Amino acid sequence: MPIETTAAVVAEVPADAELLAIPYASDLAPAHDVELHLPVRDLLAHYEAKGEAGEIVEVPVARAGGVGRVLFYGVGDGKPAALRKAGAALARRAKGKDTLTVVPPDGEITAFAEAALLAAYTFRIGDAGRRAVARLVFAGADQAALERAEVTARAVALARDLANTPSSVKNPAWLAERAAETGLPVRVWDEEQLRAEGFGGILAVGQGSVSPPRLIQLSYTPEQPAERHVVLVGKGITFDSGGLSLKPTENMKTQKTDMAGGAVVIAVLRALAELKAPVRVTGLVAAAENMPSGTAQRPTDVITHYGGRTVEVLNTDAEGRLVLADALAYADAELDPDAVVDIATLTGAISVALGRSVGAVYASDDDLAGRLVAAGQASDDRLWRMPLIDEYAPALESSVADLANVEAGSRFGAGSITAALFLREFAGKRPWAHLDIAGVGRSTVDEGTLSKGATGFGVRVLLEWLTRGVSRGPTPTHPGGEPRPYADSPGG
């Protein structure tokens, strides 16, 4: 469901604010004067406060007709990462309250407010659970910065909603309906049109389900003529059982979110008009349900993708790359983009490599990779560039088709890399990047800006890149510098 918390700006701190948040740093000096029974610095020292980001000291204060609360919150070093932690902690502390009035910290209010709104996100069916704070009021904040935070946070929430929706509701046709609700120009291929135009990968993955597959295309065109055209491609597997290469039960419990990449594409396209991105963007969502049945594709089947390339299917649980291959080939042949970026919960292997805090980017172009990594650092959707190792390409050789969809043996064992190499075969010669978000697309905890379930990872980095970092010129360097290094099943 959309973020229920609203945000507003007022000129001054209301004298009667029942719940008021005031920042402080390591010197324990509050950013706003407030009358208490003890000097604020002495009170914070009594509680052994250090000013660390996320630290909160709650103090009761007299209010007309009752008792109010002041939340003194630490801001750490005041950099965006610290402000995100502080904003998320405040929103979580205010859960269930009507209004939280916030004296903003010095620094990037967009990062702070965005984190507060994301921490207020919940997904409920029915009326279960404690509600988020209803209203955030920022005293003296920059209105434009707050509006940017709201647009971004609500786009992330839309991606989370789409991915969190149970697959008993969500199928490829349902996803196409949600895309149409963006208000953007939308084209949808049904199963007959997919067959007529040769989208063999999407059809093969979806043929075991009673819910037919779809290819969804959304288009955003800026008001002023754009110099650049970008295509975003999202994996839209609305449920992944593994097909005849059936997953274990435990592994299936997260598979309603296997269309998280497609959800990100829909959410990003919807937000672009509000953010006035200076680049033309086409979104493609390759949507199918991967189910076992008498009509499902079999291991060793050979399918023909859009454009004519053939693939031997050795594992039906490596289905995401099959639907993405069709969409990438179509984008290359028909849409003539300057760059293509695909995003997918593709491989379990990337979770082993990077864990659950950093997403992977593979790219055929150094400049594109650099811009995406920089956008990830700026937006907090952090990316780490992974190698496309050409020596691993023989893993995808087939004796009966142009390619196999997975490695036939165990010679290389680099599942995320070979999956990226497979996709590269369909992306053409233009700049292309692949974001593997299998590790970061889902959260098992309610913590910081995350809630259990879908994370919406990818929305923030793509919006940052498309609105601020996609233009030509030197690769931007984020003030935070270069990112630090971070040290199964086939999947996708």
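Where is Asp380 found? I began with this residue and placed Asp380 in the loop that lies between helix 12 (366-379) and strand 15 (383-385). I keep in mind throughout that this is a predicted model. I then looked up its accessibility, and with a relative accessible area of 29% Asp380 is partly exposed.

Is Leu28 buried or exposed? I noted a relative accessibility of 12%, and because buried means under 20%, Leu28 counts as buried.

Next I traced an open sheet of 6 strands, whose order is 1-6-5-2-4-3 and whose pairing is mixed. Strand 1 (6-10) and strand 3 (56-63) stand at the edges with a single partner strand each, so one side of each has no neighbour in the sheet. From one strand to the next I noted a twist that averages 25 degrees.

Inside this sheet I followed strand 2 (residues 19-24) and strand 4 (residues 66-74), which run parallel and are joined by 6 bridges; here Tyr24 stands opposite Gly74 in strand 4. Helix 2 (residues 80-93) packs on the sheet, where it touches strand 2, strand 3, strand 4 and strand 5 (99-102), and its direction makes about 160 degrees with that of strand 4. Helix 4 (residues 143-164) also packs on the sheet, touching strand 1 and strand 6 (135-139), and the direction of this helix makes about 175 degrees with that of strand 1.

I then looked at Gly76, which is found in the loop between strand 4 and helix 2. How far apart in space are Gly76 and Glu52? Although they are 24 residues apart in sequence, I found their C-alpha atoms 4.3 Å apart. Not counting residues up to four places away in sequence, Gly76 touches Gly51, Glu52, Ala53 and Ala82. Its relative accessibility is 31%, and Gly76 counts as partly exposed.

**Entry: the nonpolar cores**

Which members of the largest nonpolar core touch the most other members? Of its 91 residues, I listed Leu100, Phe138, Leu232, Leu372, Leu462 and Trp465. Helix 4 gives the largest share of this core, with 12 residues. I took Phe138 as an example and, leaving aside its neighbours within four places in sequence, found it in contact with residues including Ala7, Val10, Val102, Phe112 and Leu146. There is also a second, separate core of 50 residues, which includes Phe199, Tyr306, Val340 and Ala419.

**Entry: around strand 12**

Strand 11 (residues 301-304) and strand 12 pair in the antiparallel sense over 4 bridges, and Thr310 in strand 12 is the bridge partner of Thr304. Their hairpin has 5 residues between the strands, and there Gly307 takes a positive phi near 95 degrees. In a regular strand the side chains alternate between the two faces of the sheet. I checked strand 12 (residues 310-313) and saw Thr310 and Glu312 point one way and Val311 and Val313 the other way, all of them buried. Strand 12 also runs parallel to strand 16 (residues 403-404), with 2 bridges joining them, and Glu312 stands opposite Ala404 in strand 16.

**Entry: Met386**

Met386 lies in the loop between strand 15 and strand 16, and with a relative accessible area of 15% this residue is buried. Beyond residues up to four places away in sequence, Met386 touches Ile350, Ala353, Leu354, Ala360, Val361 and Tyr362. I also noted that the C-alpha atoms of Met386 and Ser398, which are 12 residues apart along the chain, are separated by 25 Å.

**Entry: a helix pair**

Last, I looked at helix 10 (residues 320-335) and helix 13 (residues 415-424), whose axes come within 9 Å and cross at roughly 30 degrees. Since angles under 35 degrees count as roughly parallel, helix 10 and helix 13 are therefore roughly parallel to each other. The contact is made by Arg321, Leu322, Leu324, Ala325 and Leu328 of helix 10 and by Ala419, Phe422 and Leu423 of helix 13.

How values were computed. Residues numbered from 1 in each chain as written. Predicted model: local features only at pLDDT ≥ 70, side-chain atom pairs only at ≥ 80, totals over all residues. Heavy atoms only, no water. Pairing = 2+ DSSP bridges. Axes fitted to C-alpha atoms, helices over the stretch in contact; angles between N-to-C directions. Contact = heavy atoms within 4.5 Å. Buried < 20%, exposed > 50% of the residue type's maximum accessible area, 1.4 Å probe, protein only. Core = buried A, V, L, I, M, F, W, Y, C linked by side-chain atoms within 4.5 Å. Parallel < 35°, antiparallel > 145°, perpendicular 65-115°, else oblique.
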